[in-house]
Amino acid sequence: MTLPVVRSSKELAVAFSKDPPKYFVRAEMEMILAEAREKPKNFLFLTLLWQTGARVSELLMTRVRDINLTTRTIGIHTLKRKRKPKRVLPVKPETVGVIAAYIVTEKLESSDFLFKFSRQWAFKIVKKAVLQAGFEEDRAHPHAFRHSFAINCLLQEEPVPITVLKEWLGHANITNTLIYTKILARDARQYFD
């Protein structure tokens, strides 16, 4: 396996000069998911955004056949990478049960899309859950779930290696993944008072 490299120092400087992305910590995400629990479809959609780091468009392209309940994985079609159009991500055991129940309840076939709603509707689902949980509107965006996934992977007791996170997120360039280390460094300052 070859390690990814940053193509130029200028590219790295540009990435690190951007405003850090908005995200939720685990406890906040649990509050948001609690708000959506009443509607299984919304709950599963939000859970998969949070647990896979998938982009909205990628998750909406996911079909039942992309899910392997036995190996607890989900195949995500990566829109931004032509050379590697699909990435396979692990799914938590408790989420596998939620997915299986949803497939049965919705009577979905292998070729069916997991979610049969538009991108605009997906944004509404996210916004409603975030606002109902009492969080500010500037984080009421699906991409905040993607950022939350990345941050959570790096904050675990045994952090996910940055190169693995890069693949899970479907980043073509490691520079895009390294931005999360900037967030961690910024947020860690509170512990040095």
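A nonpolar core is a set of buried Ala, Val, Leu, Ile, Met, Phe, Trp, Tyr and Cys residues joined through side-chain atoms within 4.5 Å, where buried means under 20% relative accessible area, exposed means over 50%, and partly exposed lies in between (1.4 Å probe, protein chains only). What you have here is a predicted model, in which local features need pLDDT of at least 70, side-chain atom pairs count only at pLDDT 80 or more, and totals for chains, interfaces and linings use all residues. Residues are numbered from 1 along each chain as its sequence is written, and side-chain values use heavy atoms, leaving out hydrogens and water.

Let's start inside. The largest nonpolar core has 40 residues, and I32, F45, L46, L114, F115 and F145 have the most contacts within it. Several helices and a strand (DSSP runs numbered from the N terminus: H or I of at least four residues for helices, E of at least two for strands) each supply at least two of its residues, among them α2 (26-36), β2 (73-77) and α7 (142-155). Helix α3 gives the largest share, seven residues. Now look at I32: leaving aside residues up to four places away in sequence, I32 touches F24, A129, V130, A133, F135 and F145, with contact meaning heavy atoms within 4.5 Å. There is also a second, separate core of 12 residues, including A150, I151, L169 and I183. As a general rule, nonpolar side chains tend to be buried together in soluble globular proteins.

Next, pick out helix α5, which runs over residues 93-106. Which of its residues are buried? They are T95, V96, I99, Y102 and I103. Seen down the helix axis, the buried residues of α5 fall within an arc of 130° (taken from the directions from the axis to the C-beta atoms), so they line one face of the helix. That buried set packs against α3 (40-52) and β1 (67-68). On the other side of α5, E94, V104 and T105 are exposed. Just after the helix, K107 takes a positive phi of about 55°.

Then there's the sheet. Its three strands form an open sheet in the order β1-β2-β3, with antiparallel pairing; two strands pair if DSSP finds at least two bridges between them. The edge strands, β1 and β3 (86-90), each pair on one side only. Five bridges join β2 to β3, and H77 has K86 in β3 as its bridge partner.

H77 leads us to one last stop. The C-alpha atoms of H77 and G170 are separated by 9.2 Å, although the two residues are 93 apart along the chain. G170 sits in the loop between α8 (162-169) and α9 (174-188), and G170 is buried, with a relative accessible area of 3%.

Notes. Expected span 1.5 Å × (residues − 1).
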